[in-house]
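I opened my notebook and went looking for strands today. Here is what I looked up, in the order I got to it.

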Amino acid sequence: MAAIKFGTSGWRGLIARDFTFENVRLATQGIADFLNSEIQNSKSEIFNRKPVVIMGHDTRFLGREFSLAAAEVLAASGLVPLLCDRDAPTPVIAHTIRNCQAIGGINMTASHNPAEYQGLKFSTHNGAPATPEVTRQIEANIAQLLARNWSFQAAVVGTFTCETLDPQPAYFKQLRRLIDFAAIRKARLRVAVELMYGTGRGYLDALLEDAGTKVIRFHDELNPLFGGHHPEPNAEGMREVSKLVRAGKAQLGLGLDGDADRFGIVDKSGAWLTPNQVLTLALYHLKKNRRWTGAVVRTVPTSHQVDAVAELLGVRVHETPVGFKYIGALMESEPIIVGGEESGGLSVKGHVPEKDGILACLLMAELVATERKSLGRSLKELEKQTGEFHSDRLNVKIPPEKKEALLSKLAAGLDSVGPFRVEKFITTDGYKFLLPNHEWVAFRASGTEPLIRCYLEAKSAAQLKKLRTACQKLLEA
C-alpha cells in the first residue's frame, strides 16, 4: 500500500490504486484521533467545542460515497459529521466550517488534477488548509494505526447516513457583503462562464444572473470525466470562452476549476489573463476603488508586478512559501487586502483563508463594471506607471542522480545566472535570485517527480528570452 502523505493541498492518489475506501477510512481515523486529542487539550482553540466536522466533495467519481465512508469513521469516533447536500466548492466548505463553528472539515477533491485522481483535504476550524505541523501529526497517527493493524467494520459502501446541510445561502450572504453587486447590476454585462463540469455551477452563474448579468454557460452539467480534459481554467481550458468573447458575444469570460478554488479570466479581447495579472488587478481595484486598507501577500514565485502596483498605492508586501495555507495564516493574523499565488488562488480581507475562484471571478466583473473599461485596458494603464512584466515557468526533467547535486549547487548561491548578476539570494521556499532591473528567477524541486520548476520574470519579452536561455543552460549543465 502506498504511504498516505499530505502535500500542499491534502492527500491525493489514483482512484482504486491509492485512493481506496480502505485508505480513506485509515486517513480519516488519523484525522479523528487528531481532532479528539485537540478537543481534550485545554490549550487548543477547539477545546471542549461541539465536535462537528463539515464533510464535502467535488464532482469526481464516488465523491459522495468516499465522504460517507469518512463520515462513518468520524461518527464511530464520537464526532458529528455534517455533509453538504450536493457537491460543493472548496471555498464554500471553508466558509461553512467557520459559519457552523465546526472543529474542521474533510473535502474529497483532487482540484484541477485529471479525472482518474481523487483527494482528501483536511481543513482546520478556521477553514484554512491544514498546516504542515497538523498534517505531520495526522501522518504519525496513521503510522501508529498501521503498526497495530487497525481495521474498521464498515457498512456497505454508500449506505451510511448522516445529517446534511445546504451551505449555499450562508455563502451567498457572505459574498454579497464582499462584492458590489449593485455596480455589476448597473453595468448590464454579458459574461461567458466556464464551469468545467464542476462544483461552481449554481454558484458563480447564479450570483451573476441574480445581479442582472446575461450569462452564457459552458459545461454546466455533471461529468466525472470532465469531458476528457483536466478541469483547469488555464488558457487551453478557457479556449471555448475565449473564442466566444473574441467573436463579440460577451464582454468578459470567467472560469473555475473542478472544485472552484481556482479561476480563469478572459479579457474583452479574448486574451486569457494570467493569475499574476488578476492578483495585480484585484489589489489595484480593492485599494483604489474600494479604498480597503492593509497589506498584500503573495508566494515566492508570484509576479513582482504585484509589488510594483503595491508601491504605487502605498501598500506593504509580504512574501510566503508556496501553498495557500501560508497565505491564509498571514491573512488570519493581520489585515491583508488580498492574498494570492501564481497558480491561480486568491482571497481577500474578511473572507476565508482559502482560495476562492468564485470570489476572484466576481471581483473581476466588479472591476469591469466599476471602471467601465476592459481588464486589458486597466492593465495597460498600470503598466504605463510600472513598466511591463513578462513571466514564465519551466518544468525541467532532471535525472534523480543529478537532482541532488544541482540542488546543492543552487543552495550554495550563485554570483550570476548567465549574464545576469545576482543582487540578492532568497531561500524562503526553494532558491530565488533577484537580478538587476526588478528581474528575478526562482527554482523549486518537485516533491513527487524528478523535476525542477524554474520561475522567471523579466521587464521585456527580449529579456525574458535571454533569461530563459540562461536558466536552461544552468539546469542542463
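**Entry 1: the model.** I'm working with a predicted model here.

**Entry 2: a sheet.** I looked up how the strands line up and found four of them in an open sheet, in the order S13-S12-S14-S15, with mixed pairing. At the edges sit S13 (317-320) and S15 (345-348), each of which pairs on one side only. On average, neighbouring strands here are turned by 15° against each other, ignoring direction.

Entry 3: I then picked S12 (residues 295-299) and S14 (residues 336-341), which pair in the parallel sense over four bridges. Ala295 has Ile336 in S14 as its bridge partner.

**Entry 4: strand S9.** Is S9 buried or exposed? Five of the five residues of S9 (residues 252-256) are buried, so the strand is largely enclosed by the rest of the structure. I noted that side chains in a regular strand alternate between the two faces of the sheet. In S9, Leu252, Leu254 and Leu256 cover one side, Gly253 and Gly255 the other, and all are buried.

**Entry 5: partners of S9.** S7 (residues 190-194) runs parallel to S9, joined by four bridges, and Val191 stands opposite Leu252. S10 (residues 263-266) pairs with S9 in the antiparallel sense, also over four bridges, with Ile265 as the partner of Leu254. Between S9 and S10 the hairpin has six residues, and Ala260 takes a positive phi near 65° there.

Key. Residues numbered from 1 in each chain as written. Predicted model: local features only at pLDDT ≥ 70, side-chain atom pairs only at ≥ 80, totals over all residues. Heavy atoms only, no water. Pairing = 2+ DSSP bridges. Helix = DSSP H or I, 4+ residues; strand = E, 2+ residues; numbered from the N terminus. Axes fitted to C-alpha atoms, helices over the stretch in contact; angles between N-to-C directions. Buried < 20%, exposed > 50% of the residue type's maximum accessible area, 1.4 Å probe, protein only.
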